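Here are my notes on the model you sent. Please read them with the structure open.

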Amino acid sequence: MMKRKTSGFIILFEGCMILLTYCVAVLISGGTEMLNSFGNFIDLPSLVLLLLFTVPVLIASGMGNDFVMAFQMGKKQCSLVQMKKTLEAVKLLQRLVLCGAGFAALISIVIIFQQLDEPSAIGPNLAVAILVVLYGVIIESLLIPLSAYVQNHITEAMNVEEEDVLTVEKTDEKG
């Protein structure tokens, strides 16, 4: 039987694939100078706003610990109920990230509309509005394999329980 990869490895692999996709997209577009200006894709206030929208809601829902369990699932033994709660926490965070990205982008767009009298500010402010959506998409793309990882654990646990029930039934028939 093959040993299952850990969720940390899956997230690291997905992050490397996102970075590789970025580099390939930049090289295809012929913009090698964009590779040097990677800082244009970093906007800490947008990321903080996105996290402030998602993390407190996840914690307030009581699913913060369940989400953390997704990273410990390969190392710790979990019940089927705990695995299902973990999957729900991951799915909740997926929805929160997308809603948070939309919320933050709308706030940025409102700010852009308030500053239309300064045409030179429209471009940078629009970039910030789009960056927060990009962050949401990146985080979502990291959560998708995590969700699949947890779902696979649930499926395996259900198969094991089903096999145990069949074994017990066969033993009862013989006895």
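1. Where is V81 found? V81 is found in helix 5. Helices here are DSSP runs of H or I with at least four residues, strands are runs of E with at least two, and both are numbered from the N terminus. V81 counts as exposed, because its relative accessibility is 58%. The cut-offs are under 20% relative accessible area for buried, over 50% for exposed, and partly exposed in between, with a 1.4 Å probe and protein chains only.

2. A word on the source. This is a predicted model, in which local features need pLDDT of at least 70 and side-chain atom pairs count only at pLDDT 80 or more, while totals for chains, interfaces and linings use all residues. Residues are numbered from 1 along each chain as its sequence is written, and side-chain values use heavy atoms, with hydrogens and water left out.

3. The overall picture. The protein chain has 6 helices and 0 strands. Its pattern along the sequence reads α-α-α-α-α-α. Of its 175 residues, 30% count as buried. The chain exposes about 11400 Å², and carbon and sulfur atoms supply 69% of that area. Areas come from the Shrake-Rupley method with a 1.4 Å probe; for residues, only the protein chains shown count as cover.

4. Contacts along the chain. A contact means heavy atoms within 4.5 Å. Take the contacts between residues at least 6 apart in sequence: 74% of them join residues at least 24 apart.

5. Helix 4 against helix 5. Helix 4 covers residues 64–72 and helix 5 covers residues 80–114; their axes come within 8 Å and cross at roughly 105°. That angle makes helix 4 roughly perpendicular to helix 5. Helix 4 contributes D66, F67, M69 and A70 to the contact, and helix 5 contributes Q82, K85, T86, A89, V90 and L93. Axes are lines fitted to C-alpha atoms, for helices over the stretch in contact, and angles run from 0 to 180 degrees between N-to-C directions. Roughly perpendicular means 65 to 115 degrees; under 35 is roughly parallel, over 145 roughly antiparallel, and the rest oblique.

6. Look at E140. This residue lies in helix 6, residues 119–174. E140 is buried yet has no salt bridge, and the nearest side chain of opposite charge, R95, is 9.2 Å away. A salt bridge needs a side-chain nitrogen of Lys or Arg within 4 Å of a carboxyl oxygen of Asp or Glu. For charge, Lys and Arg count as positive, Asp and Glu as negative, and His and the chain ends are not counted. Leaving out residues up to four places away in sequence, E140 touches Q94, V97 and L98.

7. Now Q94, a partner of E140. Q94 lies in helix 5. Is Q94 buried or exposed? Q94 counts as buried because its relative accessibility is 11%. Beyond residues up to four places away in sequence, Q94 touches E140, L143, I144 and S147. Q94 and V137 are 43 residues apart in sequence, and their C-alpha atoms are 9.7 Å apart.

8. V48 is partly exposed, at 38% relative accessible area. L44 is exposed, at 56%. From V48 to V132 the C-alpha separation is 9.6 Å, across 84 residues of chain. L44 and V128 are 84 residues apart in sequence and 10.0 Å apart, C-alpha to C-alpha.
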